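Student: I'd like to learn how to read aromatic contacts in a model. Can you walk me through it?

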Amino acid sequence: MVRRLTISAAFDGSRARRRLAVVVIALLLSALFVGTGTIGVGAGPAAATTERPDRRAVLVQGGVTVKVEPTALLTDGQTVPINVKTTADVPVYSAEARVCRSGVTYQPSSEARPNPDFKANGANCPQNPISSSADAVGVDNAMFTFAPTPDGETFALRVGQGAINWLDGAEQRSLSCDATTSCVLVVQLLMGAGVPAWTPFVFTLTYQLSDPIAACGGVAPAVLATGGSDRMADAWVQWTLGTCRASGATGAPSRASFVGEGPAASSFAAGAIDVAYTASGYTDEVGLVPADIIPAADRRAMTPIPVALNASVLAVANGYPGNNGKKVPYSDIKLTLNEVAALLSGGTYGITPFVDAILDRNSQLKKTGMFPTSTQFQVGAGSTPDATTWFQTHHLDTLRPSEWKVPDLPGVFNTEAGRQRASDNDYANADPSYQNALSLYTGRPSLQRGVYGLPDFGGVWVFTDLVTARSLSMTPVQIENAAGEFVAPTPENMAAAIPTMRQGADGVLLPNPSAVAAAGQVQPYPLTHVEYALAPTEPLVDETCQLRVGSQALLADWLAYIDGPGQDLLPAGFERLPASLVAQATENRAKVGASPITGECAEQPVEPEVELPPEAPDLRGEDDVDVSGFGDDSDVGGLPDAVSAPDAGVADVGSGSADSSGVTPLADDGAVPAASTAGTVPTSEGGPIQLAVSGTTVPDFAGGRSGGNLGAALALVVLAALLSLAAFATAGRRVPVTA
């Protein structure tokens, strides 16, 4: 409380002082990002996809079905499962898989080996893996026994990002797999009755890219400032690129900083950014906008625009040994509510009494045991205030209050042992704490490091959302509902949950833990939630109370796009809005900018926006903030050391394959080689380059002003959040954090 009062006093005063506070905060947030670098840039507006980036591909030939998931938005070292199903009439004897060059029509072969176009270190496929995190080849010789079964036979290949050169005799060959160049996964099956033949199934692979603003050729003149959780980042990238392809579009319509849902919602409420992406808005029971910092009466007037369906999940990563001994990701895991409560409340300690029952129910886990032995990251969750955290804890607090307690193990949980837990929105600062229960991660890149590339088998359990789970190839657990049935977050189950939801503040829909359907009907997945874009109902104005006419028009176009054509670009894990929410979105978009201006700007003349003078930085982000002087250990002048810590709870950024500038070079023409579809060989068609955001780095967080009197509150909210996160990231933290 002392810290809060001290900061508040420091930022009270004139508008000029409040403007300086926001500039300093923008510089600080930018500095936190600068030390981590970027993965690369796009190939120009043509890189945007015009259809939803489907991450699953299924090919059928000769009675054999091959399914690969994921095939899009891939990262270096990501495990790609390959499932083969057939019947006894069409035997499959063996399978091999490699990552090879695109633009080739791979041919079948009736010889003992696949066609030479698949040969290691031949014309198209390298013998060595493309990166140190990838596999060179995947082989499965158990196909004859297991491919005809109902589940088929699954093996896996770790794909890589990068480039490799090799010699094919005297010929120099090369292969690139990255955000600007697609490649293909070639699955060769020795199949068929009588004389079997090697038959290629070809799947186009596309990879992640981090900077859609560069891909759009810069920002639009009246660029918007937005923010939210990094679960929204993939969608924002796709939407941004989609708008850049639209006729007459000039530049990216928005900048975005995905430092957390709580900080974004609070910053929007204080008038610092133009749009916040959130699943709970201002709902006080969720508490993303702290009432003691920004009371309800002082929050910026807004309307919530539905943009997609998502779900809170318990996901399991890593895998079990397949019939060939290779690691296969889990696909069918079921946990009761009591088991979920024990795992979340007590981690590996809490779940111990339930392990035998879990293994008996889940044959895939029985092959490995509950956890791997190679990592301390066994039960994880995010470390910033987030609506999904509240949804998870409130679900258990509502349905299993007797079990929703810290395990009664004083030797592990000290004085907190046996205490009742509550509905929390922040695992890092909950009371009682999650010390010795959860490993907390700061963003998707650090989560990726925790769940990829483990040398042994066993489950790694993460409390997260469906989009994040899908992006990292984690399997959502089927969780027991209030009626005792195990329910997965399928599109059908998520759609069935919408009518069961209850309303929070401003019409925001919240999950209903008790949601069930009658026997024989589709059961709702009760942790389904709606993602919203919060937009101001008052017109956008700048710090000097001038109307931001261009930004207002851009905001209307942006919201219409993400609720219209943008619904076709939703990444895996998101589901399209049902008709009821489309109608709500249309109704609420009409309220954006339609209310009279209140606060300080209501008493001053308002004229069309003009360019700010050089000595006053443009807080809307139209001019880049120069943070080149800040390094990993630099302090921002006059601010406490804890605030300037570069790892203060901000999602870290992957390094990818880049030159010294952190930018991946583009091909001369920016084109993406397309896999050939000629001949009879089935080929999975990938769209143009798919972009995603493990490592999205768009530093500007401060946007246009609301015209209200919340400048000081903004400084307090954002700086207090950073202080809290910085304090948590230092040695005094009580919960282990995966860096």
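Tutor: Let's go through the ring pairs, then the charges over rings. Keep in mind that this is a predicted model.

Student: What describes a pair of aromatic rings?

Tutor: Two things: the distance of the centres and the angle of the planes.

Student: And how many aromatic pairs does a search of the whole structure find?

Tutor: Seven. Take Trp-239 and Trp-558, one of them: the ring centres are 6.3 Å apart and the planes sit at 80°. Planes over 60 degrees apart count as edge-to-face, so that's what we call this pair.

Student: Where do Trp-239 and Trp-558 lie?

Tutor: Trp-239 is in helix H5 (residues 233-245), while Trp-558 belongs to helix H15 (residues 549-563). The pair therefore ties together parts that are 319 residues apart in sequence.

Student: Is Trp-239 buried or exposed?

Tutor: Buried, because its relative accessibility is 1% and the cut-off for buried is under 20%. Trp-558 is buried too, with a relative accessible area of 1%.

Student: What about the rings of Trp-390 and Phe-391?

Tutor: Their centres are 6.1 Å apart with the planes at 75°, so this pair is edge-to-face as well. Trp-390 counts as buried at 3% relative accessibility, and Phe-391 is buried with a relative accessible area of 3%.

Student: Now the charges. Which ring does the charged end of Arg-98 sit over?

Tutor: The ring of Phe-118, at 5.8 Å from its centre. You can look at Arg-300 in the same way: it lies over the face of Phe-268, 4.6 Å from the ring centre.

Technical notes: Residues are numbered from 1 along each chain as its sequence is written. This is a predicted model: local features need pLDDT of at least 70, side-chain atom pairs count only at pLDDT 80 or more; totals for chains, interfaces and linings use all residues. Side-chain values use heavy atoms; hydrogens and water are left out. Rings of Phe, Tyr and Trp (its six-membered ring) pair if their centres lie within 6.5 Å; planes under 30 degrees apart count as stacked, over 60 as edge-to-face and the rest as tilted. Helices (H or I, at least four residues) and strands (E, at least two) are DSSP runs, numbered from the N terminus. Buried means under 20% relative accessible area, exposed over 50%, partly exposed in between (1.4 Å probe, protein chains only). A charge sits over a ring if NZ of Lys or CZ of Arg is within 6 Å of the ring centre and within 35 degrees of the ring normal.
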